[in-house]
Amino acid sequence: MTETSTGEGARLEPFRAELIGYCYRMLGSAFEAEDAVQETLLRAWRSFDRYDERRASLRTWLYGIATNVCLDMLRSAQRRALAMDLRRAADAGQGIGEPLPERAWVQPIPDGLLPPADGDPEEAAVRRETIRLAFVAALQHLPPRQRAVLILRDVLAWKAEEVAHLLAATVASVNSALQRARARLRAVGVMPGEPLRPSDPVQRELLARYCAAFERHDVAALVALLREDATMSMPPFGWWLRGRDRIRRVLLAPDAPCAGARLVPVAANGSPAFWQLRPGPDGAYTPFGLVLLDVSEGLIRGITTYLDADRLVRLFGAPPAGRDLGPGLAAARTISYGHFRD
């Protein structure tokens, strides 16, 4: 690589994290977002000699390339979704069926791939809320260009004129697309719960009680922490449950896979999240699933457990796999995720 190309790469690289956040909201997959950003930076590097800073800032130029990459990727793709968007809730005794392909699902993303939620508190709050699974799933209901307009305007706080320039559209058409996108999201009824708040004593206590009940396999105590209308799903299976009683019956089933498992915090989607680890024949704990909790007003209203752990480990990194992890929160204080540090 020449000295010139090295310098160009150094100018482009600082935008990687925010571009991943943008592409993740557009595509609903961290793996695809990484691919999209890699393609964006490659296209930018190859055409850097044609970049004119008098026409657009480097950031705007890169977002334009990223938008085109995402629109190309979405041209023939099916909509990613959560289980609740795909079919009706199952009964507790109903079989879970066959797994659906990875392409069917909104996938989780490590917080470490995203820019830190600092700066203006209001803007930071918006960015945390809009990386939650429920919000990203709702975005997938929008046509791709409307999706781009809403993310740029309502999440990233771009001006209508800036979005119009990026999309080679008129301000009037951008404003119209934004209104239609907002109306669609209202119709979908997106209501993401609370983001992870390590300093919130109410949330800390709820998560501590959840982990303790889970690891004791105390179904009564665990179910008591759920809202009456709580949901539970396990991608890649389309099967899902709604209601405390149905969840309780499944957890009490003789073949329930939770007995003996441990929970270790992981940073995902700005949400309370955990690796679910199960002991193997040698006593070592290995990942079984990635659990994201939807928390609201001191109770848990949604449990999403991604079961393709081997694939997600490549994205999130492996959790501890020792033979004596102890209770989940005690182990969490010794690792670097930082969610439950004093």
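In this predicted model, helix H4 covers residues 58-74 and has 17 residues. From its first C-alpha to its last, H4 reaches 24 Å, close to the 24 Å expected at 1.5 Å a residue. The helix is mostly covered, with 13 of its 17 residues buried.

Cysteine pairing comes next. A search of the whole structure finds zero disulfides. For cysteine 23, the nearest cysteine sulfur is that of cysteine 70, 3.6 Å away. Because a disulfide calls for two cysteine sulfur atoms within 2.5 Å, cysteine 23 is in no disulfide, and cysteine 70 is in no disulfide either. Cysteine 23 is buried, with a relative accessible area of 0%; cysteine 70 is likewise buried, also with a relative accessible area of 0%.

Side chains of opposite charge can pair when their charged atoms come close. Here the count comes to 17 salt bridges, and three of these pairs are described below.

The side chains of arginine 80 and glutamate 102 meet in a salt bridge with an N to O distance of 3.2 Å. Arginine 80 sits in the loop between H4 and helix H5 (83-86), while glutamate 102 belongs to the loop between H5 and helix H6 (121-129), so this pair ties together parts that are 22 residues apart in sequence. The two partners can be described by their accessibility: arginine 80 is buried, with a relative accessible area of 1%, whereas glutamate 102 is partly exposed, with a relative accessible area of 25%.

A second salt bridge brings together the side chains of aspartate 91 and arginine 246, at 3.3 Å from N to O. This pair links distant parts of the chain, with aspartate 91 in the loop between H5 and H6 and arginine 246 in helix H13 (residues 244-251), 155 residues apart. Aspartate 91 is partly exposed, at a relative accessible area of 43%, and arginine 246 also counts as partly exposed, at 27% relative accessibility.

What about arginine 132 and aspartate 294: where in the chain does each of them lie? Their side chains meet in a salt bridge of 3.4 Å, N to O. Arginine 132 lies in the loop between H6 and helix H7 (133-139) and aspartate 294 in strand E5 (residues 285-296), so the bridge ties together parts that are 162 residues apart in sequence. Both arginine 132 and aspartate 294 are buried. Finally, salt bridges that share partners join Glu32, Arg80, Glu102, Arg103 and Arg311 into one network.

Key
Residues numbered from 1 in each chain as written. Predicted model: local features only at pLDDT ≥ 70, side-chain atom pairs only at ≥ 80, totals over all residues. Heavy atoms only, no water. Helix = DSSP H or I, 4+ residues; strand = E, 2+ residues; numbered from the N terminus. Expected span 1.5 Å × (residues − 1). Buried < 20%, exposed > 50% of the residue type's maximum accessible area, 1.4 Å probe, protein only. Salt bridge = Lys/Arg side-chain N within 4 Å of Asp/Glu carboxyl O.
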